[in-house]
Amino acid sequence: MSDEAEPGKAYNPETEGAEMRFADKMSYGDYLGLTQILNAQAPLSDASDELLFIIQHQTSELWMKLMLHELNAARDAIADDHMPQAMKLLARVSRIMEQLNSAWDVLRTMTPSDYTQFRDALGMSSGFQSLQYRLIEYALGNRNTAMIRPHEHDAQSVALLNAELARPSLYQVVLAFARRQGLDVPDDAIAVPASAPHLEVPEIMTLWQKVYRDPSAHWALYEVGEKLVDLEDYFRRWRFNHVTTVERVIGFKRGTGGTGGVSYLKRMLEVELFPELWHVRTAL
Ligand code: HEM
Ligand SMILES: N[C@@H](CC(=O)c1ccccc1NC=O)C(=O)O
């Protein structure tokens with residue numbers, strides 16, 4: 001009888017053994033550090049939408065943390081010739097980016113009238129100063145050292161950015177793998193540290209042409225090539241969602257970070273992370 005639902009009486013899961021006392025045991029909130037996370041929202045205004053704005057950015061930063069973790073694991077796997085593991089990790093990175101893309105639908109519900117109520121409180125802070133975003137761009141090969149400047153007040157951030165620049169980018173580890181597979185890759189393309197964005201190299205165009213013209217002869221490279229295209233495809237969608245949301249919310253105002261705003265973000269839409277992988281399509 002005690003296990004059965006009694007009409008009109010709230011069911012107590014304790015009767016089936018649910019643990020209810022956590023004074024000296026690790027609980028859900030303890031494990032997840034929820035006291036820290038849920039107390040880390042400190043709106044500076046009374047505007048209702050400031051909490052949305054803060055949580056949107058904090059959750060994005062958490063996903064970016066995971067993205068960096070998976071990108072690092074993927075780079076290690078490729079460097080060790082563990083391609084099946086790398087494929088799984090890169091697929092996960094694309095799914096995380098898709099998660100970030102969907103999140104724009106929530107922020108888009110904030111109108112210019114809502115945002116202007118607290119925009120002044122943001123001062124000169126801006127996503128332009130996101131350390132993790134810059135680390136992701138560097139890991140993917142978009143290495144513009146000018147972007148270190150906004151972090152100069154923080155030695156630890158500068159050290160992380162420089163450590164990233166000292167590592168081969170994702171594209172470089174893929175190209176080094178291609179060389180181990182017997183394909184021709186110029187030394188320059190995989191030299192570290194690479195502290196400039198990767199620009200199209202004719203020999204690498206030839207490499208991908210060989211791969212895409214005969215996938216079965218170069219299956220691992222064909223698969224990783226498509227994973228990189230996927231990843232950049234999702235990243236481009238993130239940039240596009242960002243610039244469209246920005247235009248919708250602040251029009252053509254200058255950014256709090258000091259750039260032209262939409263004009264700067266439109267320029268960033270032209271970034272090509274893996275240029276040969278896009279250009280090879282025309283040559284097939
Ligand atoms: C209403 C919402 C938003 C507005 C109006 C906005 C506006 C801007 C503007 C104008 C810039 C250019 C830099 C500047 O001068 O400030 C920028 C850059 C940036 N924002 Fe946002 N943003 C919004 C939401 C977001 C969200 C949700 C994220 C997610 C983390 C984000 C991340 C970034 C990043 C990473 C940059 C640097 C982009 C780059 O350098 O390529 N922004 N944003
Ligand atoms: N750049 C934005 C402000 C902004 O969006 C922002 C400010 C502080 C923390 C994160 C932000 N998000 C993206 O840039 C603006 O110009 O309104």
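The largest nonpolar core holds 35 residues, and Ala 74, Val 93, Leu 170, Val 174, Leu 175 and Ala 178 touch the most other members. A nonpolar core here is a set of buried Ala, Val, Leu, Ile, Met, Phe, Trp, Tyr and Cys residues joined through C-beta atoms within 7 Å. A residue is buried if 20 or more other C-beta atoms lie within 10 Å of its own, exposed if 12 or fewer, and partly exposed in between, with C-beta atoms placed from the backbone. Two or more residues of this core come from each of H3, helix H4 (83–107), helix H6 (131–140), helix H8 (170–180), helix H10 (202–213) and H11. H8 gives the largest share, 7 residues.

The model is predicted: local features need pLDDT of at least 70, side-chain atom pairs count only at pLDDT 80 or more, and totals for chains, interfaces and linings use all residues. Residues are numbered from 1 along each chain as its sequence is written, while chains are lettered from A and ligands numbered from 1 in the order in which they are written.

Now the overall fold. The protein has 13 helices and 0 strands. Helices (H or I, at least four residues) and strands (E, at least two) are DSSP runs, numbered from the N terminus. The C-alpha trace spans about 75 × 55 × 35 Å along its principal axes. Of the 284 residues, 20% are buried. Two residues are in contact if their C-beta atoms, placed from the backbone, lie within 7 Å. Among contacts between residues at least 6 apart in sequence, 67% join residues at least 24 apart.

Val 93 gives a local view of the packing. Leaving out residues up to four places away in sequence, Val 93 touches Met 67, Glu 70, Leu 71, Ala 74 and Leu 231.

Next, helix H3. H3 has 30 residues and reaches 43 Å from its first C-alpha to its last. That is close to the 44 Å expected at 1.5 Å a residue, where the expected span is 1.5 Å times one less than the number of residues. Its buried residues are Glu 50, Ser 60, Met 67, Leu 71, Ala 74, Arg 75 and Ile 78. They pack against H4, H6 and H8. After H3 comes Asp 81, with a positive phi near 60°.

Then the ligands. A residue is near a molecule if its C-beta atom, placed from the backbone, lies within 6 Å of it. Around ligand 1 there are 24 residues, of which Ser 126, Gly 127, Gly 255, Gly 257 and Thr 259 come nearest. Helix H3 (50–79), H11 and helix H12 (262–268) each supply at least two residues of this shell. H11 gives the largest share, 5 residues. The shell divides into 10 nonpolar, 14 polar and no charged residues. Ala, Val, Leu, Ile, Met, Phe, Trp, Tyr, Cys and Pro count as nonpolar, Asp, Glu, Lys and Arg as charged, and the others, Gly among them, as polar.

His 242 is found in helix H11 (residues 219–250). An unreviewed UniProt entry places the feature "binding site" there; such annotations may be inferred rather than shown by experiment. His 242 counts as partly exposed because it has 18 C-beta neighbours inside 10 Å. Glu 247 also lies in helix H11. Glu 247 is partly exposed, with 15 other C-beta atoms within 10 Å.
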